[in-house]
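Subject: Structure handover

Hello,

Here is the structure I promised to pass on. Please open it alongside this note, and then read on for what turned up.

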Amino acid sequence: MIAYIKGNLEAVNEEAVIVEANGVGYEIICANPFAFQDVLGEQVLIYTYHYVREDNQTLFGFKKTDDKLLFSKLLNVSGIGPKGALAVLASVRVEEFVSAIEREDDKFLTQFPGIGKKTARQMILDLKGKLPDGFAAVAVETADRSSEEEALQGQNNALEEAIAAMKALGYSEREVKAIVPTLRQEQHENPDPYIRKGLALLMK
C-alpha cells in the first residue's frame, strides 16, 4: 500500500494530478483535482489509496486522511466502486456524510450520482455504527448544530410574524422595536406567545 506521495505537482486535469517524486511521475485520480491548482509547481503531500485489481492498478489521492479513510470504507459497501466513492467525496464534507449515515437519511444519500434508494439503504446498513469514533463524534456534533440552527430559525420566523401582527394592530415601529430585545429572550416556535407577551408589554 502506498500511503502517500510527496513531490512536485506537475499538472492538474479534470480527473487527476501528476506528481513527480524521485524522478517518477505519478498519476493520482482525485475527487476534486482542481483543489490542488493553487499549489501547481510546488511540493505537495497527497494521501493515496492504492487500488489493485487483476487488470488494473490505480492511485486515488486525497488532501486529508479523513477523506481517504471514508473512501476506503465506501469501497466495502456492496454496489459502490471507486467511481461512486469519489462522487460522494466530490459532493460533500466527511462529517455531513457520516451524519446522514448515523441518522439514516437515505434522501440525503440519494443526491449523489449513481446512488439510488436501494444503494443508499445498503450504505446505511454497511456503515452505520461502523465508522471510526472520531467520525461519529463529528457527525453527532454536526447533527446537533443543524437541529439548533433549525430551532433558531423557527424562533426568528415566529418573532417576525409576531412583530408584523403587532404593527397590524396599530402599534408604531418605534413602540414595537422597543420591546423586541425583551421578546428575544423568549424561545417559541409559534408567534402567539410572542404576541401575548408583546401586547402585555405595550399596554403597560
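A residue counts as buried when its relative accessible area is under 20%. Val77 has a relative accessibility of 2%, so Val77 is buried. Please keep in mind that this is a predicted model.

**Overall layout**

The chain holds eight helices and five strands. Their order from the N terminus is β-β-β-β-β-α-α-α-α-α-α-α-α. Of the 204 residues in the chain, 36% are buried. Take the contacts with a separation of 6 or more: 51% of them join residues 24 or more positions apart.

Start with helix H1 (residues 65-74) and helix H2 (residues 82-91). Their axes lie 9 Å apart, at an angle of about 140°. An angle over 145 degrees would count as roughly antiparallel. H1 and H2 are therefore oblique to each other. The crossing of H1 and H2 is right-handed.

Which residues make this contact? From H1 come Asp67, Leu70, Phe71 and Leu74. H2 supplies Pro82, Ala85, Leu86, Val88 and Leu89. Sorted by class, the contact of H1 with H2 has eight nonpolar residues, one charged residue and no polar ones.

Val77 sits in the loop between H1 and H2. What does Val77 touch, leaving aside its neighbours within four places in sequence? Its contacts are Gln122, Met123, Asp126 and Leu127. Leu125 is 48 residues from Val77 in sequence, and the two C-alpha atoms are 8.9 Å apart in space.

Roughly perpendicular covers 65 to 115 degrees, and roughly antiparallel starts over 145.

On the H7 side, the contact is made by Glu175, Ile179, Thr182 and Leu183. On the H8 side, Tyr194, Lys197, Gly198, Leu201 and Leu202 take part. By class, the contact of H7 with H8 has five nonpolar, two polar and two charged residues.

**Salt bridges**

How many salt bridges does a search of the whole structure find? The search finds seven. Side chains of opposite charge can pair when their charged atoms come close. Here are some of the pairs:

- Glu96 with Arg93: the closest N and O atoms are 3.2 Å apart. Glu96 is partly exposed, with a relative accessible area of 28%. Arg93 is partly exposed as well, at 43%.
- Arg103 with Asp105: the N to O distance is 3.2 Å. Arg103 has a relative accessibility of 43% and counts as partly exposed.
- Lys167 with Glu173: the N to O distance is 2.5 Å. Lys167 is partly exposed at 33% relative accessibility. Glu173 is partly exposed at 48%.

There is also a network of salt bridges. It links Glu104, Asp106, Arg121 and Lys128.

**Positive phi**

Where is Glu104 found? Glu104 is in the loop between helix H3 (94-102) and helix H4 (106-109). At 35% relative accessibility, Glu104 is partly exposed. Glu104 also belongs to the salt-bridge network with Asp106, Arg121 and Lys128.

Asn22 has a positive phi too, near 55°, and is likewise a residue other than glycine. Asn22 lies in the loop between strand S2 (16-21) and strand S3 (24-30). Is Asn22 buried or exposed? A relative accessibility over 50% counts as exposed. At 83%, Asn22 is therefore exposed.

**Where to look**

Go on to the contact of H7 with H8.

Best wishes

Methods. Residues are numbered from 1 along each chain as its sequence is written. This is a predicted model: local features need pLDDT of at least 70, side-chain atom pairs count only at pLDDT 80 or more; totals for chains, interfaces and linings use all residues. Side-chain values use heavy atoms; hydrogens and water are left out. Axes are lines fitted to C-alpha atoms, for helices over the stretch in contact, and angles run from 0 to 180 degrees between N-to-C directions. Helices (H or I, at least four residues) and strands (E, at least two) are DSSP runs, numbered from the N terminus. Angles under 35 degrees count as roughly parallel, over 145 as roughly antiparallel, 65 to 115 as roughly perpendicular and the rest as oblique. A crossing is left-handed if the near helix is turned anticlockwise from the far one by less than a right angle, and right-handed if clockwise. Contact means heavy atoms within 4.5 Å. Ala, Val, Leu, Ile, Met, Phe, Trp, Tyr, Cys and Pro count as nonpolar, Asp, Glu, Lys and Arg as charged, and the others, Gly among them, as polar. A salt bridge is a side-chain nitrogen of Lys or Arg within 4 Å of a carboxyl oxygen of Asp or Glu. Buried means under 20% relative accessible area, exposed over 50%, partly exposed in between (1.4 Å probe, protein chains only).
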